Amino acid sequence: MNVLVYDNDEQIGIAAGNYMCGQILAKPNSVLGLATGSTPLKPYGHMIKLFKAGAVDFSKVTTFNLDEYCNLDVNDKNSYHTFMYENLFNSINIPRENIHFLDGNSDDLERECREYEKRIKEAGGIDIQLLGIGSNGHIAFNEPSDSFQRWSHVVELKESTIKDNSRFFNSIEEVPTRAVTMGIGSIMQAKRILIIATGENKADAIKQLIDGNVTPKCPASVLQFHTDVTLMLDTGAASKI
């Protein structure tokens, strides 16, 4: 693992945005795996800045998002679909047909998950996967459990994840309790992985990720087995390594 420590999230935003855009400059038709939440906001902002400066072109890029809530309208302000359009897609020149999301409102979620894996494979696989990490070590919505879920699947969200995400809603009662997510195997098949973490509340999970036992109790720990992982951390998230 390549572990990089920065003073603050502003520095991480620039570094991560450069890292993602560097992939596109090297391969204009890159397939990007993208994340939502507060972690990627500054990286996406820098990617937009580079696009508007004429430094990068997204016209041949394809994207797959990690996850989506179930039973939440895609136009809801808290849907990951809306998040991605508001914070990245509306501000760059990526073709709409190249943007892919899991459909958390599908009437057959198991089929939706199988089809999503098929679409990733048909696109040639993910070149670089951007990840955040939960305070309980979850990546995407792969929660701590007794086994690793290999492919995209439906998940019941843990209380800690619902609590973490409640800051985006008016109340914790409004947070969906189910989601669809790429699996651990889906993530591990990405050619490169970039994981970002900020804040002391992520320090325990980062320590487990880097040098703890590989266990589904900390899903992110499986990244120890990946051949190309870069971590961008602030001093808080890096405080226990």
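1. Contact, as the word is used in this note, means heavy atoms within 4.5 Å, and the structure discussed here is a predicted model. Leaving aside neighbours within four places in sequence, Leu223 is in contact with Met1, Leu131, Ile139, Ile187, Met188, Ile193, Ile195, Leu209 and Val229.

2. Leu223 also belongs to the largest nonpolar core, which has 34 residues, and it stands with Ile187 and Ile195 among the residues that have the most contacts inside that core. The elements that give two or more residues to this core are α4, α6 (184-188), β9 (192-197), α7 (203-211) and β10 (229-234), and the largest share, four residues, comes from α4.

3. Apart from this core lies another one, of 31 residues, which includes Tyr6, Leu34, Tyr44 and Tyr85.

4. Turning to the sheet, three strands form an open, antiparallel arrangement in the order β4-β8-β7. Because β4 (67-69) and β7 (153-156) stand at the edges and each has a single partner strand, one side of each is left without a neighbour in the sheet. From one strand to the next, the twist averages 25°.

5. As for the pairing itself, β4 is joined by three bridges to β8 (residues 178-181), and these two strands run antiparallel. Within that pairing, Glu68 has Val180 of β8 as its bridge partner.

6. Helix α4 (residues 109-122) packs on the sheet, where it touches β7 and β8, and its direction makes about 125° with that of β7.

Notes: Residues numbered from 1 in each chain as written. Predicted model: local features only at pLDDT ≥ 70, side-chain atom pairs only at ≥ 80, totals over all residues. Heavy atoms only, no water. Pairing = 2+ DSSP bridges. Axes fitted to C-alpha atoms, helices over the stretch in contact; angles between N-to-C directions. Core = buried A, V, L, I, M, F, W, Y, C linked by side-chain atoms within 4.5 Å. Buried < 20%, exposed > 50% of the residue type's maximum accessible area, 1.4 Å probe, protein only.
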